[in-house]
Amino acid sequence: MNYAQVTQEARVVMVEFFATWCPHCQKMMPVVAQIKELIGDEVPVVQLDIDQNQAAAHEARVDGVPTFIIYLNGTEVWRHSGEIDGNDLLAKLQSY
């Protein structure tokens, strides 16, 4: 997987770095699933397990999970680490 290609997959892309062993990530899973359902194919939401995608996590400078990054035209425009309210995350994503 080429991380740069993932971030340029569409005009707006959201990437979530998570870990299966992370309790905060587990709490965010249903939130992210609901966001994916609400936005459909409008915005790609890419979920990457840091243990299986160490190179991508390193390239994105991820130092904690979950980490959410929004890319606009391949450029990082927003980042948040830790749990976040689903409505806030959806609103941030829709703002781009």
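The questions and answers below set computed values against their definitions.

Q: How do you know how far this model can be trusted?
A: This is a predicted model, in which local features need pLDDT of at least 70 and side-chain atom pairs count only at pLDDT 80 or more, while totals for chains, interfaces and linings use all residues. Residues are numbered from 1 along each chain as its sequence is written, and side-chain values use heavy atoms, with hydrogens and water left out. The predictor's confidence in each residue, pLDDT, runs from 0 to 100; the mean for the protein chain is 95, and 99% of its residues reach 70 or more. Where pLDDT is low, the predicted coordinates should not be read in detail.

Q: What makes up the protein chain, in terms of helices and strands?
A: Helices (H or I, at least four residues) and strands (E, at least two) are DSSP runs, numbered from the N terminus. By that rule the protein chain has 4 helices and 4 strands, and from the N terminus on they follow the order α-β-α-β-α-β-β-α. Among these elements, helix α1 (residues 3-7) has the lowest mean pLDDT, 93, and strand β3 (residues 67-72) has the highest, 98.

Q: Why does the radius of gyration of the protein chain agree with that of a compact globule?
A: The radius is taken over C-alpha atoms, and the globule rule is 2.2 Å times the number of residues to the power 0.38. For 96 residues a compact globule would have a radius near 12 Å, and the protein chain has 12 Å, so the two agree. Along its principal axes the C-alpha trace spans about 30 × 25 × 20 Å.

Q: Why is V15 called buried?
A: Buried means under 20% relative accessible area, exposed over 50%, and partly exposed in between (1.4 Å probe, protein chains only). V15, which is placed in strand β1 (residues 12-18), has 0% relative accessibility and therefore counts as buried. Contact means heavy atoms within 4.5 Å; leaving aside neighbours within four places in sequence, V15 is in contact with residues including Y3, V46, F68 and Y71.

Q: Why does A19 count as buried, and which residues does A19 touch?
A: A19 lies in the loop between β1 and α2 (23-39), and because its relative accessibility is 0%, A19 counts as buried. Not counting residues up to four places away in sequence, A19 touches C25, Q26, D49, I50, D51 and V65. A19 and P66 are 47 residues apart in sequence, yet their C-alpha atoms are 7.4 Å apart in space.

Q: Why are R61 and N73 called exposed?
A: R61 has a relative accessible area of 57%, and therefore R61 is exposed; N73, with 52%, is exposed as well. R61 is found in the loop between α3 and β3, whereas N73 is in the loop between β3 and β4 (75-81).
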